[in-house]
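Hi,

Here is the structure I said I'd pass on. Have a look at it first, and then read my notes below.

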Amino acid sequence: MARILVVEDERDLQRVLDFNLRQAGHEVLSALRGEEGLRLAREHRPQLILLDLMLPDLSGTEVCKALKRDTKTQAIPVLVLTAKGEEIDRVVGFELGAEDYVVKPFSVRELLLRIDVILRRTSGALPDQLPQRFGRLRVLRDAHRVFVDERELELTALEFRLLLTLLDRKNRVQSRASLLDDVWGIDAEVTTRTVDTHVKRLREKLGPAGDYVETVRGVGYRFADAPGEDER
Ligand code: CA
């Protein structure tokens, strides 16, 4: 039994899926549009998302990209519902990071089997539900709380996202441009200087853990590979 979000604009199909998923013991959230789907995914953290590719507002591929870009939703597996002839390879390959797909029209039984396989593979706590420790730093993702030496920090939503983005890519350099995309969003009207300003402020707030965020001159930033020996 899992919480499953269905993003599908065909009402008949939405109803069929809703009925059958509930019959199978799942909790179902439904969205008829992409934006609504993204909002429900962020708010309710389903264990699986069924995503139609042809939606009236955003395309399913855009929805999938947005899900995978957001640290709050990127761990949620996505099963794509696609009509024949849509670009399945692009969808399921690296580009979008979907787990699996079914081609319409599909049998509900087949779909339920695929769902079980994915849920079995991803069962147990999602990584973002476990407290994450790094040296003096402790992050509770679900609760959006960050502690340094058990002292809680007051981070803005943006600083929290920036910290998680760096932490998730530990020991890999993040260019200012990629941080802009991932933390602020591609459309944001900010410059790379904004990144520097926010990293500086984040470091200050992190206090003794601020050293974990390293500057890579001329490139960007990197979260340290391992905390210093004296800091454990
Ligand atoms: Ca559709």
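A word on accessibility before anything else: I call a residue buried under 20% relative accessible area, exposed over 50%, and partly exposed in between, using a 1.4 Å probe and protein chains only. This is a predicted model, in which local features need pLDDT of at least 70 and side-chain atom pairs count only at pLDDT 80 or more, while totals for chains, interfaces and linings use all residues. Residues are numbered from 1 along each chain as its sequence is written, and side-chain values use heavy atoms, with hydrogens and water left out.

Calcium site. The calcium ion takes its protein donors from Asp9 (OD), Asp52 (OD) and Met54 (O), at 2.1 to 2.3 Å. Donors here are N, O and S atoms within 2.8 Å of the metal (3.2 Å for Na, K and Ca), and since water is not among the atoms, sites may look incomplete. The sequence spacing of the donor residues is D-x42-D-x1-M. Helices (H or I, at least four residues) and strands (E, at least two) are DSSP runs, numbered from the N terminus. Asp9 counts as partly exposed because its relative accessibility is 29%, whereas Met54, at 55%, counts as exposed.

Helix H8. Which residues of H8 are buried? They are Thr194, Val195, His198, Val199, Leu202 and Leu206. These cover an arc of only 130 degrees around the axis, so they lie on the same side of H8; the arc is that of the directions from the helix axis to the C-beta atoms. The face turned away from that buried side carries the exposed Arg193, Lys200 and Glu204. The buried residues pack against several elements, among them helix H6 (157–168), helix H7 (176–184) and strand E12 (220–223), where contact means heavy atoms within 4.5 Å. After H8 comes Gly207, with a positive phi near 55 degrees.

The sheet. Three strands form an open sheet in the order E10-E12-E11, with antiparallel pairing; two strands pair if DSSP finds at least two bridges between them. Strand E10 (174–175) and E11 are the edge strands, each pairing on one side only. E10 and E12 pair over two bridges, and Ser175 stands opposite Gly220 in E12.

Cheers
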